[in-house]
Each structure stands twice: as C-alpha cells, then as structure tokens.
Amino acid sequence: SVFEKLPMPYPTRYGQQYKWTENRTDDPPMHTHASIREVNDSTVSLHSTLAAFVPPTPTTNFWEILKSYPNQSMWKYFYCDGDGSWIYQGMLMGTLLIGHDGSYMSEVATDVCSAGFYIFCSASGNVCKGAAAERSANADNYRAEMLGGLMVQLVLRAASQLGPAAFRPVRIDCDNQGVVNHGNTPSRPLKVKQAQADLLRCLKHQVRMNPFRSLFH
C-alpha cells in the first residue's frame, strides 16, 4: 500500500497523517521501517521509524582484513608479496612452509620479548614475514614463542577469509614443545596457574576457531 502525506496546518497529538492512494505489487525500497496507527479506513498516522538493516559488505581483500584487526602495532614490521591471495592458494594446495621463533634476552631487558615468523609458498615463490615485540612484566622465552604463533594464526586467518574452501592442514614449525603441544590440542582446558595463560588462551582460541587445521611440529 502507498500512502501520501497529508498537509497539516498544525501538529496534532496523533502525529503526522497519511492517506491511502494505491496498492502496488513491486518491492518497496526498504530503507526505513515504519510503525503506524490507523485513524480510519483510508488514513494512518506515523508512530515511529527505524532505518532498515543493511548487511555489511564482506571484505575480500587480504590487506583490508588484516588492517581491520585490533592492535595494529603487531604489523608495523610486516611484509607480504603481492595482494596476499597466494597465501589462500597455498592453503588450498598445501604448499606453504611456515616457521616462527621467539626471542628473550634478559641481559638486555627483563620486561621485553619478541618474535618473528616466515611464510613461504613453494609453488609461487612468494614470501610474507613479520616481527613484533611486547613489553610485559611476564616476558620470557615461552611468551615470545607464543607471540610468534599468534601472529601466524592471524595472518592465515586473514587469508582464509578470501573465500570458503576445504583447506588442507597447515604445517607450522616451532622449536618450543609447549607451544607445539598446546597448538595441537586447542580445545584442551588450561591447567590452574598455567604459565602465560593470557597469551596462550588467545593462541588456542585462534587455532580452535580458524577454518583450517593447524599441525604444529
């Protein structure tokens, strides 16, 4: 039904009124929802309006997805060949070689640890790599190793959002057995007083929620 706004010389307690003009079968533009009250058989008054929901346009660009993440300081020293779509292709073909490592030098700073990672595609020859440091009262080598693992998971997550797919398991190499064990059992609860529980919980959550299987070695 189509209603036309009636001229009203002064406002009334019933609000703005509209008179029926015609019935139509085509789809309305649906930019606004309206709540109305019936005044009589051909007239209604407007009660309230609400903008119609517009679903967000999905982001299909690797760089845009990565830049939408919180804590952008993690990517200050990030480098990636091309548009990053080769990571998605590498996850489909199983051609990614991935490694990450942590660093903690207490003789330099007792409250800082850092990590780096490297992703190479044996099919395309493309590379992405990154490094980040964290200042924390809990800094140690174990935390540094987890920081590298978390960055890898976030990069792979961004690439996996480029399209739905049946990804092959992704092998990730790390020289810390604790990270390997926790990474391969992401649904296992943490022990009471687990060391570095805050960062470890983030890592396990990413591994568990990502749409691909991570195999830590």
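The legends below describe close-up views of a predicted model.

View 1

**View 2. Surroundings of Ile87.** Leaving aside neighbours within four places in sequence, Ile87 is in contact with Phe62, Cys80, Leu96, Cys128, Val155, Leu156 and Ala159.

View 3. The 20 residues of helix 3 should span 28 Å at 1.5 Å a residue, and the end C-alpha atoms are 29 Å apart, which agrees. Buried means under 20% relative accessible area. By that criterion 18 of the 20 residues of helix 3 are buried, so the helix is largely enclosed by the rest of the structure. At the start of helix 3, the backbone nitrogen of Tyr142 lies within 3.2 Å of a side-chain oxygen of Asp140.

**View 4. Crossing of helix 2 and helix 3.** Two packed helices are described by the distance between their axes and the angle between them. The axes of helix 2 (residues 85-93) and helix 3 come within 8 Å and cross at roughly 90°. Angles of 65 to 115 degrees count as roughly perpendicular, so helix 2 is roughly perpendicular to helix 3. Helix 2 makes the contact through Ile87, Tyr88 and Met91, and helix 3 through Val155, Leu156, Ala159 and Ser160.

**View 5. His47 in strand 4.** His47 belongs to strand 4, which covers residues 43-51. With a relative accessible area of 44%, His47 is partly exposed. Apart from neighbours within four places in sequence, its contacts are Ser35, Ile36 and Arg37. From His47 to Leu156 the separation is 109 residues in sequence and 49 Å in space, C-alpha to C-alpha.

**View 6. Asn71, a loop residue with positive phi.** Asn71 sits in the loop between helix 1 (62-67) and strand 5 (79-80). Its phi is near 55°, a positive value in a residue other than glycine. The relative accessibility of Asn71 is 47%, so this residue counts as partly exposed.

**View 7. Gln196, a loop residue with positive phi.** The loop between helix 4 (177-184) and helix 5 (197-209) contains Gln196. Phi of Gln196 is near 55°, again positive in a residue other than glycine. Gln196 counts as buried, because its relative accessibility is 10%.

Note on methods. Residues are numbered from 1 along each chain as its sequence is written. This is a predicted model: local features need pLDDT of at least 70, side-chain atom pairs count only at pLDDT 80 or more; totals for chains, interfaces and linings use all residues. Side-chain values use heavy atoms; hydrogens and water are left out. Contact means heavy atoms within 4.5 Å. Helices (H or I, at least four residues) and strands (E, at least two) are DSSP runs, numbered from the N terminus. The expected span of a helix is 1.5 Å times one less than its number of residues. Buried means under 20% relative accessible area, exposed over 50%, partly exposed in between (1.4 Å probe, protein chains only). A polar contact is a pair of N or O atoms within 3.5 Å; within protein, one must be able to donate a hydrogen and the other to accept it, and residues adjacent in sequence count only if both atoms are side-chain atoms. Axes are lines fitted to C-alpha atoms, for helices over the stretch in contact, and angles run from 0 to 180 degrees between N-to-C directions. Angles under 35 degrees count as roughly parallel, over 145 as roughly antiparallel, 65 to 115 as roughly perpendicular and the rest as oblique.
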